Amino acid sequence: MAIFNLHSIKIAHNKSTAGCIPKRMPAPESVVIPVSMHIGAPAVPVVKAGDTVKTGQLIASSGGYVSSPVYASISGKVKKIDDILLAGGNTVPAIVIESDGSNDIYSEIKAPVINSFEDFIKAVADSGVVGMGGAGFPTHVKLNVKDLSKIEFVIINCAECEAYITSDTRTMLDMTDEFFDGLSIIKQHIGDKRFIIGIEDNKKECIEKLKPYCASSGVELKVLPSTYPTGGEKVLVYKTTGRVIPEGKLPLDAGAVVLNCTTVVALQKYIRTGMPIVEKTVTVAGSAVKEPQNVIVPIGTRVKDLIEFCGGYKEEPKKILYGGPMMGISMPDDSCPVLKNTNAILAFNAKDATPSKQTECINCGRCVSHCPMNLMPAYIATAYAAKDAKRLEQLKVNICMECGCCSYVCPAKRPLVQTNKLSKALLKNYQMGAAKK
Amino acid sequence: MSQLITQVSPHIFDKTTTQKIMLDVIIALCPAAVASVVLFGPRAALVIAVCVASCVLSEWLFEKICKRQNTISDLSAVVTGIMLAFNLPVDIQIWQAVFGSVAAIIVVKQLFGGIGKNFANPAITARIIMLISFPAAMSNWTLPNGVDIASSATPLSIMQGISEGELPSITNMLLGIRGGSIGETCAAALLLGGIYLIVRKVISWHTPVAFIGTVFIFTWILGGNPVYHVLSGGLLLGAIFMATDYATTPYTKSGKLIFGIGCGILTVLIRVWGSYPEGVSFSILMMNILTPYINKLTASKPFGGVKAK
């Protein structure tokens, strides 16, 4: 098992919404559904303005192998297909649907027939499910392993190490039957591997609930200390199996497949009922939100409609995030939609959003002694300032998972994650240039 | 709705700031400062005040002239001032203390780019500059108030036969009733400060323990009295406060251990065979110079990293 401890940090959990059973939000007047809510090729719209769609109907089909189809999350009329700017900075087409208020389910929804592994993978692909932990990697690509004997472990990520977010907690508590049914479906198709649930010890209620299920299904429950970033893929694989994922490789190269618990439940739903991913449990919290809670939201719902459902803003928001405060992406305005992989929407007031004053690096080495990947962010920043790609290659900036520990602990409030991101881009360009030569 | 702030993650931060770290160091230096005034009288307070004031002033002035961002609020110049004063005899001339402070801040720190960029510890280097510039004044040890010892020698010079006299008792060594610089004598106060810094996670134990431990073991092997060696001279002050300076010492734990051991060996070599009675400041300065190499040698191995072809 673990021969050395990976560095980590302790953050304030702020999981006050953990006890909030998700409320289902009624369909908003309109939704904006981007065709790219995953890593890989954007989906291709199959509807046009004026078409009538029902909940669960395909509106954009998969745009390639590494891609994922998109379904209507409400019933109504397609108003337009427009380019929108996502918080990640890319512009993608988005399908705008105006609600007819009926909530009609698409008539052709039925559980898929699965007779082989290929059928299973096709079903996973058709479900539109992507990594719900936040990365948004199409799940069928992850599960489509040619040589199933390569898989030794299936790791279920229940760590939820980010602050504020409790949507996975709710999945574990409210959908336990579905969760374990999902695990048995996966087990049925990829074989009897070691299934390990990795969970942080701050989720006592979940652990108690999962224990008997694990005992009866042969799934291992691994309770890990609540340190950030336990839920990082490489960190979780290491902490649950002792395996190290080599640089530039996938978990599979260490014999593991990692799935988020909400991903498993979404898969189970499609395989049992045929209803693809059209809604998402989202934790709405932060100092600017009047009534923080968990909400089941139709995908594509604008953030402002969601916040309105949560009693509106308590104070003027100055920063709104997709996801948690450590890795979340700040959005330009609250008309941005909820995506497939959105697990939280956090809105902060001016006090929480104002950036701290940056001062000079004092070489304290805190970034080095807290990096879970054992990198040296202060050196990376120096190498980036010199635009020294060769040095960045030696410093292995490509391993950085942007967890944010370095910036978090920096007493000088240096933007280390930002320099790491820029360094990764610089290094990539350099390596591509070197490859061409 | 007004413009939202968009920013790269993370969006929450630890409350530690450079200023708070420096404040912790100042707090940790307080017991020794109080002890210095008790032991050496109000002139010790004057020396500390002069050094602090001239360090802060020279930092402010230099940054003003160079049109750099003013950094005196980070309190690092205050720390340098106190540490330099701690390394001076109580009877040092005021102008000499000012000279040392200006050298520390302007020559050693600001000319290399200011906080975090200097390769040598400002207070240590300034002390060495003063030792070379004013050898007589820098070795004129006035004894603490009301101590009845015939000579004004330090325990180190007595042990090495440079001066004659009786060694003070261990209790007196712990309390600081012995000849020496104003801040270095009270071992108990320095240890208290060191424990505070370790508890507050401002410093790690690696450097001080390696440094002090090496001196202890090495002097023991050489047949000296290890307890006296550890408690005398500037060892505790150096090991706890100077050898743990961020900018001029290694990042990693193993690097810190190497740094501490190196300092310890050099200190004993100078004490036993060198012509100066004390070697703490020289050893730290030498190890400061080696720090980039130690950092290179002890660079952390990236998780899952594959060696470049």
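This is a predicted model: local features need pLDDT of at least 70, side-chain atom pairs count only at pLDDT 80 or more; totals for chains, interfaces and linings use all residues.

Colleague: Which residues are closest to the centre of the largest cavity?

Modeller: Its lining is made of 24 residues, and those closest to the centre are B:Met22, B:Val79, B:Met83, B:Asp245 and B:Tyr246.

Colleague: And which helix gives the most to that lining?

Modeller: That is α3(B), which gives four residues to the lining of the largest cavity; at least two residues each come from α1 (18-40), α3 (76-86), α5 (122-133) and α12 (235-242) of chain B. By class, the lining of the largest cavity has 16 nonpolar residues, six polar ones and two charged ones.

Colleague: What about the second largest cavity, which residues lie nearest its centre?

Modeller: The second largest cavity holds about 80 Å³ of space, and of the 14 residues lining it, A:Cys371, A:Cys400, A:Glu402, A:Cys403 and A:Asn420 lie nearest the centre. In chain A, α13 (405-409) and α14 (416-436) each supply at least two residues of this lining, which by class has 11 nonpolar, two polar and one charged.

Colleague: Switching to pockets, what volume does the second largest pocket have?

Modeller: The volume of the second largest pocket is about 1300 Å³, and among its 48 lining residues the closest to the centre are A:Arg366, A:Ser369, A:His370, B:Lys201 and B:Ser204.

Colleague: Which helices supply at least two residues of that lining?

Modeller: From chain A they are α10 (366-370) and α13, and from chain B they are α1, α9 (187-199), α10 (206-221) and α13 (253-273). With five residues, α1(B) gives the most to the lining of the second largest pocket, and that lining divides into 20 nonpolar, 18 polar and 10 charged residues.

Colleague: Now the helix pair: at what angle do α13(B) and α14 of chain B pack?

Modeller: The angle between α13(B) and α14(B), residues 280-297, is about 145 degrees, and their axes are 8 Å apart; the crossing is right-handed. The contact includes B:Phe259, B:Cys263 and B:Leu266 of α13(B), and B:Phe282, B:Met286 and B:Met287 of α14(B).

Colleague: How do the residues of that contact divide by class?

Modeller: The residues of the contact of α13(B) with α14(B) divide into 11 nonpolar, six polar and one charged.

How values were computed: Residues are numbered from 1 along each chain as its sequence is written. Chains are lettered from A and ligands numbered from 1 in the order in which they are written. Side-chain values use heavy atoms; hydrogens and water are left out. On a 1 Å grid over the protein atoms alone, a cavity is a set of points where a 1.4 Å probe fits but cannot get out, and a pocket is an open set with protein on both sides within 12 Å along at least five of seven lines; lining residues have an atom within 4 Å of a point. Ala, Val, Leu, Ile, Met, Phe, Trp, Tyr, Cys and Pro count as nonpolar, Asp, Glu, Lys and Arg as charged, and the others, Gly among them, as polar. Grid points are joined across faces, edges and corners, and a volume is the space filled by probe spheres set on the points. Axes are lines fitted to C-alpha atoms, for helices over the stretch in contact, and angles run from 0 to 180 degrees between N-to-C directions. A crossing is left-handed if the near helix is turned anticlockwise from the far one by less than a right angle, and right-handed if clockwise. Contact means heavy atoms within 4.5 Å.
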